[in-house]
Amino acid sequence: MATTAKIAKDLKLEAAVKTRKPKLRCKHRNRCWRCGRPRGFLRKFGVCRLCFRQLALNGEIPGVVKASW
């Protein structure tokens, strides 16, 4: 069991973490608006590659067609 001193210390640390500013502002991560995936992000459309493919196949992205050659 945790003692009251440990509980107080944990609460104090949580309060300090909540009030702290982020160290670097450039740590922003682009994420897909549909699934939240951070990797494979396409800036122009705002979605990841997987969601882009699904939306394109369904015809929900105007001007995007499946390539055939």
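This is a predicted model: local features need pLDDT of at least 70, side-chain atom pairs count only at pLDDT 80 or more; totals for chains, interfaces and linings use all residues.
Contact means that heavy atoms lie within 4.5 Å of each other. Burial means a relative accessible area under 20%. The buried residues of helix 2 pack against strand 1 (41-42) and strand 2.

Three residues of helix 2 are buried: C51, F52 and L55. Viewed down the helix axis, these buried residues fall within an arc of 105 degrees, so they line one face of the helix. Helix 2 is followed by G59. The phi angle of G59 is positive, near 80 degrees.

The largest nonpolar core comes next. In soluble globular proteins, nonpolar side chains tend to be buried together. Here, the largest nonpolar core has seven residues. Its members are C32, V47, C48, C51, F52, L55 and I61. Strand 2 (47-48) and helix 2 (49-58) each give two or more residues to this core. Helix 2 gives the most, with three residues.

C32 is buried, because its relative accessible area is 5% and the cut-off for burial is under 20%. C51 is also buried, with a relative accessible area of 10%. Beyond its neighbours within four places in sequence, C51 is in contact with C32, R34 and C35.

The cysteines were then checked for bonding. A disulfide is a covalent bond between the sulfur atoms of two cysteines. The search of the whole structure finds zero disulfides. For C32, the closest cysteine sulfur is in C51, at 3.7 Å. That distance is too far for a bond, because a disulfide requires sulfur atoms within 2.5 Å. C51 is likewise in no disulfide. The cysteine sulfur nearest to that of C51 belongs to C48, 3.6 Å away.

Aromatic rings were considered last. A pair of aromatic rings is described by the distance of the centres and the angle of the planes. The structure holds one aromatic pair. F45 and F52 form this pair. F45 counts as partly exposed, at 34% relative accessibility. F52 is buried, with a relative accessible area of 18%. F52 is also one of the seven residues of the largest nonpolar core.

Definitions and conventions: Residues are numbered from 1 along each chain as its sequence is written. Side-chain values use heavy atoms; hydrogens and water are left out. A nonpolar core is a set of buried Ala, Val, Leu, Ile, Met, Phe, Trp, Tyr and Cys residues joined through side-chain atoms within 4.5 Å. Buried means under 20% relative accessible area, exposed over 50%, partly exposed in between (1.4 Å probe, protein chains only). Helices (H or I, at least four residues) and strands (E, at least two) are DSSP runs, numbered from the N terminus. The arc is that of the directions from the helix axis to the C-beta atoms. Rings of Phe, Tyr and Trp (its six-membered ring) pair if their centres lie within 6.5 Å; planes under 30 degrees apart count as stacked, over 60 as edge-to-face and the rest as tilted.
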